[in-house]
Amino acid sequence: MSKPSAALRTLKAVFGYEQFRGQQQAIIDCLLAGQDALVLMPTGGGKSLCYQLPALLRDGLAVVVSPLIALMADQIAALDELGVSAVALNSTQSAEQQREIAKRLREGTIKLLYLAPERLVQPRMLSFLQSLEIALIAIDEAHCVSQWGHDFRPEYLQLGPLAQYFKHVPRIALTATADKRTREEIATRLQLNNPQRFVASFDRPNIFYRIVPKTKSAQQLLDFLKGRKGEAGIVYCLSRKKVENTAEMLVKAGYPALPYHAGLESDVRAANQRRFLAEDGLIMVATIAFGMGIDKPNVRFVAHLDLPKSLEAYYQETGRAGRDGLPADAWMAYGLSDVIFLKERLQQSEGSEAHKRLEQHKLNAMLGLCEMVGCRRQALLAYFDEQLAKPCGHCDNCLEPPQTFDATEAARQALSAVYRSGSRYGANHLIEVLRGSRSEKVKNAGHDKLSVFGIGKALSDEQWRSLFRQLVVKGLVDIDDSGYGGLRLTEDCRPLLRGEVSLALRRENADKKRHTDSRHH
Ligand code: ADP
Ligand code: ZN
């Protein structure tokens with residue numbers, strides 16, 4: 001046997017691990033050789049080690065750029081446990097504390113320095129660091145440099161010139177979210193010098209994906225949880241109110257559940273988070289405020305009671321399940337009302353029209369994953385520019401391939417109902433009209449007199465709802481900006497109306513039990 005490398009010895013002696021994971025060794029070798037690196041690795045893949053370990057093996061100080069103070073604090077605490085000296089400089093520290101840290105940096109007793117980007121690029125900080133020996137520069141969450149991404153941070157754009165300030169210092173950019181375009185944007189904007197690219201697979205083979213249309217979401221969640229007593233999990237909801245109601249509902253049903261959202265007092269939030277991490281078998285019901293930097297290996301399921309706003313978000317959130325590599329479930333119930341809610345929120349948000357269009361596009365891609373017929377994992381990975389050769393055999397669509405049906409006629413009926421009622425009613429109203437319901441609302445609008453009234457009795461409510469969702473996904477109708485979910489026709493529906501194309505859609509079988517999971521097959 002050959003002598004273990006210095007890197008491997010340090011891995012065992014300092015970090016206590018037996019072997020490198022994935023491409024860690026190659027990435028570390030790249031930095032040790034003084035070259036730049038661009039690392040794409042899913043959350044939980046072990047990115048931090050890629051710069052922490054070379055920081056110990058190269059002379060001088062490693063500078064780590066990170067966007068969140070909380071993330072820095074977690075890492076520093078973990079390094080502290082291992083006996084590695086690491087510090088952060090940030091605005092919450094007193095002048096006295098900062099002077100003390102500067103002194104220790106000058107003495108060379110610190111191995112890693114964590115900084116927010118805006119802090120690093122301050123002229124005083126730059127000249128201070130230039131007076132020290134720098135081992136490497138790591139730029140974490142590097143996708144923040146992309147103007148098209150959801151986490152864009154203008155300060156990241158100022159990190160490019162580091163290439164000139166620290167000419168012979170290797171730089172490593174790391175991210176867990178980047179399609180091909182963002183990847184190249186990172187390399188360019190950060191002015192990486194002919195970086196070696198390390199792209200890990202984003203596949204999480206131990207996660208079973210299941211997505212179901214929302215009917216009665218509380219009951220659906222309880223069905224999903226059957227047989228899962230004692231397992232730790234996260235339930236995501238879009239609104240604070242729903243978080244609280246759901247947590248309460250679960251507690252009543254005998255599941256230990258805690259709420260987490262930005263509206264709670266910060267000490268309550270912190271306490272709930274601590275309990276979730278420390279205790280076994282708790283369910284955290286949360287808005288997306290929960291999760292950044294959560295590293296709990298044995299989360300057995302992530303359930304979404306509402307649709308995330310993009311596939312990036314879905315991937316990140318479901319990715320918190322099964323970090324230990326054991327079987328885990330990603331389950332979601334979604335409906336058109338989620339899309340309306342998210343769209344409304346998007347309309348009200350600040351941001352340019354171009355940005356809103358992009359976000360709308362991402363939302364449609366998310367909805368597309370829900371309504372698709374083929375393998376979910378293939379589609380999810382394809383979105384991140386990764387090809388999976390075969391259907392995975394480990395998602396709902398692979399196990400129970402959904403039937404399709406010729407929906408051409410029904411779709412034309414639906415489009416016609418949209419048009420004849422004035423292009424401003426939501427799916428529920430249109431379904432009443434199509435199925436011939438003489439509700440007050442329908443009568444008041446005079447819609448019982450329309451030629452489309454009652455022509456769609458052949459399909460159930462649920463089938464119509466599914467059809468309207470799929471029309472939205474396919475871009476044949478879109479949701480107007482009223483906030484009430486009014487539907488209107490798009491240009492793209494013309495070929496269908498003219499009978500030039502036909503349409504096959506997913507058949508929703510509402511009666512089918514859809515709460516089984518990976519372990520029940
Ligand atoms: P990321 O930053 O990619 O989300 P982390 O760096 O936080 O991931 O690592 C995720 C988990 O994997 C951490 O608990 C870390 O200690 C662990 N880990 C990293 N490298 C190894 C390894 N070579 N062997 C075992 N565990 C590892
Ligand atoms: Zn599959």
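Predicted model: local features only at pLDDT ≥ 70, side-chain atom pairs only at ≥ 80, totals over all residues.
Biologist: Which strands stand at the edges of the open sheet of six strands?

Modeller: The strand order is β8-β13-β12-β9-β11-β10, with parallel pairing. A strand with a single partner has one side left without a neighbour in the sheet, so it stands at an edge. The edge strands are β8 (207-213) and β10 (257-260).

Biologist: Which residue of β12 is the bridge partner of Gly233?

Modeller: Strand β9 (residues 233-236) pairs with strand β12 (residues 301-304) in the parallel sense, over four bridges. Within this pairing, the partner of Gly233 is Phe301.

Biologist: What angle does the direction of helix α11 make with that of β13?

Modeller: Helix α11 (residues 217-225) packs on the sheet and touches β8, β9, β12 and β13 (328-334). Its direction makes with that of β13 an angle of about 165°.

Biologist: Are α19 and α20 roughly parallel or roughly perpendicular to each other?

Modeller: The axes of α19 (residues 408-420) and α20 (residues 427-435) come within 10 Å. In the contact, Gln413, Ala414, Ala417 and Val418 of α19 meet Leu430, Val433 and Leu434 of α20, a set of six nonpolar, one polar and no charged residues. The axes cross at roughly 115°. Angles of 65 to 115 degrees count as roughly perpendicular, and α19 and α20 are therefore roughly perpendicular.

Note on methods. Residues numbered from 1 in each chain as written. Chains lettered and ligands numbered in written order. Pairing = 2+ DSSP bridges. Helix = DSSP H or I, 4+ residues; strand = E, 2+ residues; numbered from the N terminus. Contact = placed C-beta atoms within 7 Å. Axes fitted to C-alpha atoms, helices over the stretch in contact; angles between N-to-C directions. Parallel < 35°, antiparallel > 145°, perpendicular 65-115°, else oblique. Nonpolar A, V, L, I, M, F, W, Y, C, P; charged D, E, K, R; others polar.
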